[in-house]
Amino acid sequence: MPGVAVADRPTVAADAVTARWEALGTSVVVRVADPTGLEPAVAAVEAELSAIDAAASRFRADSDLERLNAAGGRWVDVSPLLIDALDAGIRAAELTDGAVDPTLGDALLLAGYTTDWRELGRPPRDGPRRPPRPLVVRVRQTRAWEQIELRRTPPAARLGGGIRVDLGATAKALAADRAAIAAATAAGVGVGVGVLVSLGGDIATGGSPPVGGWQVHVTDDHRSSPTAPGQTIGLASGGLATSSTTVRRWSRAGQTMHHILDPRDGRPVDRTWRTASVAAATCIDANIASTASIVLGSAAADWLADRGLPARLVARDGRVETVGDWPTDGWPA
Amino acid sequence: MRVSRHHTPARRDAAVLRLRRLNRGLVAVAFAGTAVLAEVAAHAFPGHTVKLSPGSTTLAATSSTTSASVHHHHHRSDTAPLKAPTTTPSTGPSSTSAASTPVESTPTQSTPVETTPVQSTPTPVAVTPAPVVSGGS
């Protein structure tokens with residue numbers, strides 16, 4: 001069953017509690033527990049997304065991030081929001097020992113991720129593929145994120161060591177958290193109106209959820225229908241993120257690429273898991289953990305369990321493994 | 001050979017013994033001083049130990065900064081850990097049949113699938129909202 005189409009402007013669904021549109025190169029979903037809160041919630045989310053786009057987009061030459069990337073190691077005055085986003089990226093790197101690395105900007109460019117992925121070459125669907133050619137990969141600095149320097153007052157940043165920053169994963173999740181807070185406030189969280197915000201399948205919640213929790217279907221591709229192979233769960237609070245190597249793929253030099261790179265060699269990850277869904281207290285924590293799980297491969301389950309993070313991991317062959325308190329949905333033990 | 005009154009073997013041995021004691025004392029003082037200075041420095045410039053990660057060549061890192069306004073975040077020791085959810089996800093009432101199997105089909109096409117746009121029809125809630133989809137993006 002196909003997914004639901006989205007437009008550039010918010011469109012209200014027939015259920016009257018859901019709005020969808022396209023922003024930040026992905027799809028946005030806002031759902032409220034009370035339909036009267038939808039309009040103010042959508043307006044609040046739009047404002048947050050506009051702010052994060054101006055601060056942290058890699059595809060806008062005028063964004064704070066691109067001005068910083070082009071500054072040649074000089075201090076650049078930036079918005080407080082970019083400072084927060086950079087801070088979140090550094091934290092992700094620290095917490096994952098670099099499995100989630102904000103300094104993969106150059107590696108992504110080398111991989112051909114130079115523009116919105118929808119404008120990149122599609123991978124071949126069928127037929128023989130050209131034999132893989134070795135990628136030219138630059139030897140990466142160990143702990144390169146340590147070259148990012150931040151100053152809060154006045155807000156400014158500097159990138160040393162010739163690094164280039166990409167905040168794609170963490171900035172989107174940060175935006176979801178911020179948008180959910182703003183939307184819940186705008187929709188009237190004080191009177192119990194709950195809000196769910198999904199940015200490309202990375203979900204943040206605020207306020208009181210509906211009875212039974214927010215219904216969320218986890219699957220490989222966030223653009224899939226809710227009946228796609230996967231699992232439907234109830235989410236009462238916090239955040240949920242899914243990372244997958246099955247989406248945002250393109251073809252380069254005869255090879256199929258995707259956007260989750262191994263920080264150790266800058267190449268697309270091709271390990272144990274194709275999809276990882278993780279629940280956490282916030283969307284950004286869930287996002288950090290889901291991305292790290294793809295990179296960590298077979299070590300991911302123990303890594304997640306050590307941190308008390310419920311997760312659902314789907315192997316490349318379709319085998320499903322759950323971690324911690326993730327509902328097993330009646331699967332055999 | 002003429003032996004000077006001031007350079008007898010006994011006086012020489014005594015001098016060597018004093019030098020040995022002095023050297024030992026200096027070594028002890030040096031060790032103690034190093035320990036004290038290390039402790040002071042550790043408190044003045046907080047750092048952290050970095051665990052060895054797979055493929056990493058960095059075993060440990062400590063740091064210091066003399067600028068109050070510049071934050072070298074990679075050196076901070078207060079990185080907040082990942083937080084587990086306060087409420088764990090529950091089994092949804094509308095899991096698909098595919099969800100009840102421990103093996104999922106492999107996706108054959110990652111291209112976004114779209115259909116006719118949903119029209120804006122702000123009406124009272126009459127339709128049960130479909131689950132929001134969380135997937136890779």
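What follows is a short chat about a predicted model with chains A and B.

Visitor: What should I know about the model and its numbering?
Guide: This is a predicted model, in which local features need pLDDT of at least 70 and side-chain atom pairs count only at pLDDT 80 or more, while totals for chains, interfaces and linings use all residues. Residues are numbered from 1 along each chain as its sequence is written, and chains are lettered from A, with ligands numbered from 1, in the order in which they are written.

Visitor: How many helices and strands does chain A have?
Guide: Chain A has 7 helices and 16 strands, where helices (H or I, at least four residues) and strands (E, at least two) are DSSP runs numbered from the N terminus.

Visitor: And chain B, what is the order of its elements?
Guide: Chain B comes to 1 helix and 3 strands, and from the N terminus on they run α-β-β-β.

Visitor: What share of each chain is buried?
Guide: In chain A, buried residues make up 57% of the 333 residues, whereas in chain B 14% of the 137 residues count as buried. A residue is buried if 20 or more other C-beta atoms lie within 10 Å of its own, exposed if 12 or fewer, and partly exposed in between, with C-beta atoms placed from the backbone.

Visitor: Switching topic, which strands make up the open sheet with mixed pairing?
Guide: Its 4 strands have the order S2(B)-S10(A)-S9(A)-S3(B), and two strands pair if DSSP finds at least two bridges between them.

Visitor: Why is one side of S2 and of S3 in chain B left without a neighbour in the sheet?
Guide: Strand S2 (90–91) and strand S3 (132–136) of chain B stand at the edges and each has a single partner strand, so one side of each has no neighbour there.

Visitor: How does S9(A) pair with S3(B), in the parallel or antiparallel sense?
Guide: Strand S9 (residues 214–221) of chain A pairs with S3(B) in the parallel sense over 4 bridges, with His217(A) opposite Val133(B) and Val218(A) opposite Ser134(B).

Visitor: What about S9(A) and S10(A)?
Guide: S9(A) and strand S10 (residues 231–235) of chain A pair in the antiparallel sense over 5 bridges, and the bridge partner of His217(A) in S10(A) is Thr232(A). S9(A) is also mostly covered, since 8 of its 8 residues are buried.
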